[in-house]
Amino acid sequence: MGSLIRDFWNLTQPCRKAFVLAAVALVAATAFQLVLPWVLRMAIDSLTARTNDYRLIIMLASGLVGAAAGEAIFTFLKGKWAAEASEGTVTHLRNRMFEQMVRMPFSAHGTVAAGDFIQRATSDIQTLGRFLSVQVTEVARTVCLLAGVSTLMFMMQPTLALAALALLPPIFLFSMVIFRKIQKRFETLDETEAALSSNVQEYLTGVRVVRAFAREPYESGRFRELNARLVREDIALSTLHAVFWPTSDVMCMLQAVIVLYLGGMKAVDGDISLGTFVAFNSYVMYLIWPVRQIGRLLGEMGRASVSMRRIREILDLPREADAEGAPEVESKRLKGGVYFKHVSFGFDGQKVLHDIHFRVRPGKTVAILGATGSGKTTLMQLLLRFHDDYSGAIYIDDRDIRQIPKDELRSQIGIVLQEAFLFSKSIYDNISFGVDQPERRLIRNAAAAAAVDRFVSEFPERYRTVVGERGVTLSGGQKQRIALARVLVKRPSILILDDTTSALDTETEAAIWSSLRKWLSDCTAFIITHRLSTAAAANKIIVLDKGRIVQQGNHEELIRQPGHYRKLHEQQWAKMAVLDREASRGHARRRVQ
Amino acid sequence: MHDEEFSKQFDTSVWRKVFRLLSPYRWHYAGIMTVIMLMAGVEVLFPLVVRYAVDEGITPGRRDVILIAVFEYLGLIIMQAFLVASFISGCARVGVRVIADLRRMTYDRLQSLSISYFDKTPVGWLMSRMFSDSQRVGDTLTWGAVDFVWGAVNMSLMAVAMLVVHWKLALAALSLLPLIVGISIFFQRRILRGYRSVRRINSEITAGFNEGYMGVRVIKSLVRETAMARDFETLTGKMFEASVRSAVLSSVYLPIIHVIGATGSALVIAFGGSGVIAGSISLGTLVAFISYTRRFFDPANEIARVFGQLQETQASAERVFMLLDAAPEVTERPNASNEGRIRGKIEFRDVWFGYDRKTPVLRQFNLTVDPGQTIALVGPTGSGKTTVMNLLLRFYDPTRGAVLIDGEDIRQWTFLRLRSQMGVVLQTPHLFSGTVRENIRYGKLDATDDAIGTAAKQVGLHEFVEALPSGYETVLREGGEPLSTGQKQLISLARAVLADPAIFIMDEATSSVDTDTELRIQKASEQLLAGRTAFIIAHRLSTIRQADRILVIEKGRIAENGTHAELMARRGMYHQLYSQQFMKS
Ligand SMILES: Nc1ncnc2c1ncn2[C@@H]1O[C@H](COP(=O)(O)OP(=O)(O)OP(=O)(O)O)[C@@H](O)[C@H]1O
Ligand SMILES: Nc1ncnc2c1ncn2[C@@H]1O[C@H](COP(=O)(O)OP(=O)(O)OP(=O)(O)O)[C@@H](O)[C@H]1O
Ligand SMILES: [Mg+2]
Ligand SMILES: [Mg+2]
């Protein structure tokens with residue numbers, strides 16, 4: 001509880017002034033609100049006293065309107081300031097969540113599933129916002145009312161005041177207890193709802209797989225089960241509501257009846273005036289409903305604290321550490337010499353890379369070969385400082401990359417990721433995603449170099465064609481080429497292609513290579529590939545196996561040594577040679593015929 | 001295309017459909033409405049009891065009357081409590097069921113809609129149809145209708161009660177009623193419009209988080225963090241303004257209504273006061289009137305709120321019905337045949353197809369495959385290889401021509417018959433969240449663990465899975481993270497192998513797998529592909545070496561067709577592709 005309050009206190013930091021103003025306005029509004037029954041009381045008393053003072057009555061009637069107007073003005077101010085305060089806090093929180101999302105290290109992304117994160121960033125923040133704008137002010141208002149009303153009541157008639165407050169504690173307790181229960185039900189309900197929506201979400205993103213395997217009945221079964229469970233839980237929850245509201249209604253009204261009865265008796269006895277009787281009735285009404293609400297609000301506070309915790313968990317995740325204590329070097333274009341010095345790395349205890357050691361001179365092309373899962377992608381991620389907790393060191397142009405600010409480093413290294421992700425925007429916007437002020441010509445040129453224009457020219461809307469979510473309306477090779485163009489636009493000093501041509505035919509690939517050579521004449525390139533023809537053209541080939549470098553050198557060197565590379569080569573050639581023999585035989589046969 | 005652009009007019013046909021949703025629960029609903037009317041009636045009696053207590057009890061000083069009044073009051077309270085209990089549980093039951101019905105109906109519709117629909121429609125859009133729009137329709141049908149009926153009955157009964165008790169004073173009090181209703185409607189309209197824009201921005205924010213999270217690798221590698229955060233701040237800034245504006249609007253509205261209510265009380269005091277002085281109005285009547293003027297506000301507010309929501313609900317309902325009415329492009333015939341093992345003869349007969357009508361992707365595509373053959377599809381990217389497979393799977397129907405299996409048009413078959421005998425590896429592998437084992441098992445739900453192990457071994461996946469700390473129980477996130485791309489491809493290949501299909505489709509199934517593993521798969525595939533018809537799409541030509549026949553697809557047509565030897569001899573496109581890949585080194 002204490003830590004919760006502290007969290008909230010810290011949260012409201014940027015908007016504290018508005019919060020204070022709202023609180024002041026709230027007190028003023030409550031004060032005016034309390035005047036109303038008082039005026040009523042005076043009016044009725046003057047009527048019963050039969051003073052027949054018509055002027056007084058008119059005065060009181062206008063006093064009534066005046067008090068209501070005063071209350072209105074301050075309620076308005078309270079509403080405005082409270083909204084500014086709570087919305088300001090929420091806005092601040094949203095921005096922080098977003099910052100956190102893009103600044104978290106990759107490893108942190110692994111710990112939170114996408115759906116879960118989105119949930120926290122949207123509905124949990126909303127819950128907090130509601131808590132701040134509704135619950136906090138309601139509780140504050142009820143406390144003010146309670147203080148004001150009981151003072152006034154005791155001033156009018158102490159015994160009746162006691163009687164009028166008698167049932168409030170049990171009402172409060174009752175609603176607290178029930179709302180605790182309701183809260184629990186709510187949480188299970190929330191979970192079921194989340195399960196149902198992620199079930200549907202996964203169904204929709206994987207719909208092609210579902211269809212391809214004809215798994216509709218299976219999926220439908222799971223959906224129906226969850227849907228029915230949600231109905232059951234919803235009904236169970238509403239049963240609690242159906243018990244709570246009328247029961248607490250009865251209790252609240254009982255309180256009103258007590259006042260009615262005792263007040264009536266006292267009025268008959270002449271202990272209190274009729275006006276006081278009416279005023280008491282109004283004041284009691286001021287209290288009983290809010291007190292019932294407060295139990296509910298306190299119950300819901302549990303919800304807010306859960307949300308708070310879930311948001312905290314994200315915000316407390318580390319951000320990507322930047323180059324701390326790095327010497328100030330003015331940022332200039334990297335030349336692109338890369339040196340991996342005895343680098344080892346693993347994910348939570350599982351070693352993925354072992355003692356990686358190699359050097360690349362600026363402007364050279366390096367091909368990386370290796371079995372699936374041998375750590376090629378991971379190796380390149382280290383160069384971009386996606387993970388920093390490796391042993392050994394990596395240098396670019398003789399600077400330890402941990403000393404180079406991440407933004408600077410990454411803005412000069414262009415990586416085309418293995419799985420092309422496109423945003424559902426136009427092709428043009430996708431290509432220009434990486435730069436602030438896209439230059440039309442540059443983008444056209446990059447698109448041409450990546451052979452994007454070859455297919456875009458056949459689309460009716462050309463570069464304005466909007467691609468489907470994740471690029472679903474494009475062919476595999478088209479996606480890869482757009483992702484490549486997107487990186488070329490940045491004119492990087494080091495280019496990394498992670499299996500970028502796997503969905504390209506060799507002809508298109510060859511066209512791309514020849515234009516790339518012009519585009520990036522002075523750029524160091526790392527090319528991860530499974531195609532030996534691609535690797536053979538590189539200045540240097542690195543062969544990885546189970547996270548170790550088993551061979552490095554150029555094609556001529558490697559083909560001469562016995563080893564992995566030669567084996568791969570022979571495998572391909574041996575089989576192909578058989579086919580080729582058959583082919584030439586066929587050729588010959590045809591010539592004979 | 002999909003959003004908020006709906007008619008502002010009240011559309012009776014939509015509402016007729018909405019109310020039809022209630023037909024399974026109509027007796028329940030009628031019951032709830034009766035209860036609500038009773039409740040509204042009971043509510044009106046309370047001030048009358050107070051009046052009785054004042055006039056007959058307090059003023060003449062009769063304690064017994066006060067006691068009677070108190071018992072009457074108690075009786076009303078208990079009655080009210082029962083009414084409230086039955087209305088809450090009744091309303092919740094009907095509401096929850098209607099919403100669940102709508103969710104189920106939309107889900108069933110999604111099940112029957114074709115892939116082309118999902119190409120065009122964002123997942124988020126479908127999700128909000130299914131969840132928030134259904135919710136809103138259900139809520140308005142139950143809680144909204146109940147609030148409306150309660151407000152209307154309550155208000156009219158109050159007016160009647162006042163008119164009966166003292167019609168002149170009643171007219172004075174009621175004179176403010178049109179004002180309250182007018183102002184309520186005025187404000188509620190605007191408040192709801194405000195909410196609408198808040199909600200719209202909110203869904204943009206959700207989408208922002210969503211795309212940001214999915215594309216975080218791209219964002220990071222292109223150093224777009226700051227730019228994205230800046231854009232996002234503009235969005236949240238808009239959100240701030242819109243929500244403060246709508247909050248300010250509500251905080252103007254409620255106080256104004258309160259002031260009008262107080263003016264009503266003041267009027268009653270001013271007029272009634274002189275009446276009391278003149279002796280024409282009893283004090284009790286005055287007290288009852290004051291209490292009525294303050295109760296007016298509630299029902300008026302409720303009515304205005306529901307009224308304002310109607311437009312919103314109508315838009316929601318239109319969107320839900322638009323989804324429910326969406327016609328699947330690819331449908332099962334009613335008398336489609338459900339039985340029969342596929343032997344594996346496949347024929348594309350004069351097939352034309354395009355994703356949109358204007359640009360044909362396949363043009364007069366003809367192909368015949370004998371049972372048991374392995375066919376390789378190669379060709380430039382974007383030439384239509386995946387499209388051919390999409391047609392065989394009946395993800396789409398050809399615009400002209402037909403696809404036949406074993407001599408029968410596949411449009412004569414049920415989807416289940418067609419697809420349950422196919423093993424498919426899609427070009428973009430999609431894995432579900434869950435364990436590795438569950439993902440493989442998706443190919444055949446009743447497969448034993450042994451069978452799963454065997455399938456994994458056949459595709460060279462087993463060793464790697466065994467090396468994982470939790471083996472086959474390793475939990476993957478949606479999309480198969482954190483495995484490497486090749487590993488994901490192997491899992492989706494194992495999934496297809498497990499399905500034990502008559503027709504195998506591998507669309508770039510091993511494009512990110514190393515040649516060594518690939519070779520092992522090829523060795524296993526002699527046995528794997530025995531007795532099955534298979535299609536292998538690959539750019540890496542080493543992948544297709546065991547094919548019986550190679551088709552070169554170019555611009556949606558078969559440019560070349562034959563064995564490796566024949567095509568090499570032709571020295572055409574294939575020869576060129578091949579030599580680029582192998583001759584250089
Ligand atoms: N769902 C879709 N909606 C609209 N157009 C599409 C869709 N899928 C593919 N296309 C278009 O149809 C053409 C053929 O695409 P297809 O996916 O069949 O090519 P492919 O031969 O498989 O290419 P790749 O080798 O790159 O995978 C492309 O121009 C592509 O943009
Ligand atoms: N975030 C992670 N957490 C845990 N393990 C991981 C993570 N990322 C990768 N791995 C594991 O590390 C190993 C190396 O993965 P990596 O993606 O580098 O392989 P790769 O050589 O690129 O393979 P491919 O050719 O299939 O793309 C794999 O076994 C993979 O499962
Ligand atoms: Mg990889
Ligand atoms: Mg394809």
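This is a predicted model: local features need pLDDT of at least 70, side-chain atom pairs count only at pLDDT 80 or more; totals for chains, interfaces and linings use all residues.
Local features were taken at pLDDT of at least 70 and side-chain atom pairs at pLDDT 80 or more, whereas totals for chains, interfaces and linings use all residues. Residues are numbered from 1 along each chain as its sequence is written, with chains lettered from A and ligands numbered from 1 in the order in which they are written.

The contact between the chains involves 143 residues of chain A and 146 residues of chain B; two residues are in contact if their C-beta atoms, placed from the backbone, lie within 7 Å. On the side of chain B that touches chain A, helix α9 (residues 225-278) of chain B contributes the largest share, 31 residues. Helices (H or I, at least four residues) and strands (E, at least two) are DSSP runs numbered from the N terminus. By class, this side of chain B holds 78 nonpolar, 44 polar and 24 charged residues. Ala, Val, Leu, Ile, Met, Phe, Trp, Tyr, Cys and Pro count as nonpolar, Asp, Glu, Lys and Arg as charged, and the others, Gly among them, as polar.

Ligand 1 is surrounded by 20 residues, of which Ser475(A), Gly477(A), Tyr355(B), Thr381(B) and Thr386(B) are the closest. A residue is near the ligand if its C-beta atom, placed from the backbone, lies within 6 Å of it. The site is shared between chains, because residues from chains A and B surround ligand 1. Two elements, α16 of chain A and α12 (385-392) of chain B, each give two or more residues to the shell. The shell comprises 12 polar, 6 nonpolar and 2 charged residues.

Because 13 of the 13 residues of α16(A) are buried, the helix is largely enclosed by the rest of the structure. A residue is buried if 20 or more other C-beta atoms lie within 10 Å of its own, exposed if 12 or fewer, and partly exposed in between, with C-beta atoms placed from the backbone.

The largest nonpolar core has 132 residues, among which Leu64(A), Phe87(B) and Val268(B) touch the most other members. Helix α3 (residues 63-112) of chain B supplies the largest share of this core, 18 residues. A second, separate core of 123 residues includes Phe74(A), Val90(A), Ile404(A) and Val467(A). A nonpolar core is a set of buried Ala, Val, Leu, Ile, Met, Phe, Trp, Tyr and Cys residues joined through C-beta atoms within 7 Å. Leaving aside residues up to four places away in sequence, Leu64(A) touches Leu36(A) and Val39(A) as well as Ala262(B), Ser265(B), Ala266(B) and Ile269(B).

In chain A, an open sheet of 4 strands has the order β2-β1-β4-β5 with antiparallel pairing. Its edge strands are β2 and β5, each pairing on one side only. Two strands pair if DSSP finds at least two bridges between them. Strands β1 (residues 338-347) and β2 (residues 350-360) of chain A are joined antiparallel by 7 bridges, with Phe340(A) opposite Phe358(A). In their hairpin, which has 2 residues between the strands, Gly349(A) has a positive phi near 85°. β1(A) is also joined to β4(A) by 5 antiparallel bridges, and Tyr339(A) has Tyr395(A) as its bridge partner there.

In chain B, strands β3 (residues 374-378) and β11 (residues 549-554) run parallel and share 4 bridges, with Ile375(B) partnered by Arg549(B). β11(B) pairs antiparallel with β12 (residues 557-562) of chain B over 5 bridges, and Ile553(B) is the partner of Ile558(B). Within this hairpin, Lys555(B) takes a positive phi near 50°.

Most residues other than glycine have a negative phi. Asp397(A) has a positive phi near 50° and lies in the loop between β4 (391-396) and β5 (399-400) of chain A. This residue is partly exposed, with 16 C-beta neighbours inside 10 Å. Arg571(B), with a positive phi near 55°, is exposed, having 11 other C-beta atoms within 10 Å. By contrast, Arg495(B), in helix α17 (residues 485-498) of chain B, is buried with 27 such atoms within 10 Å.
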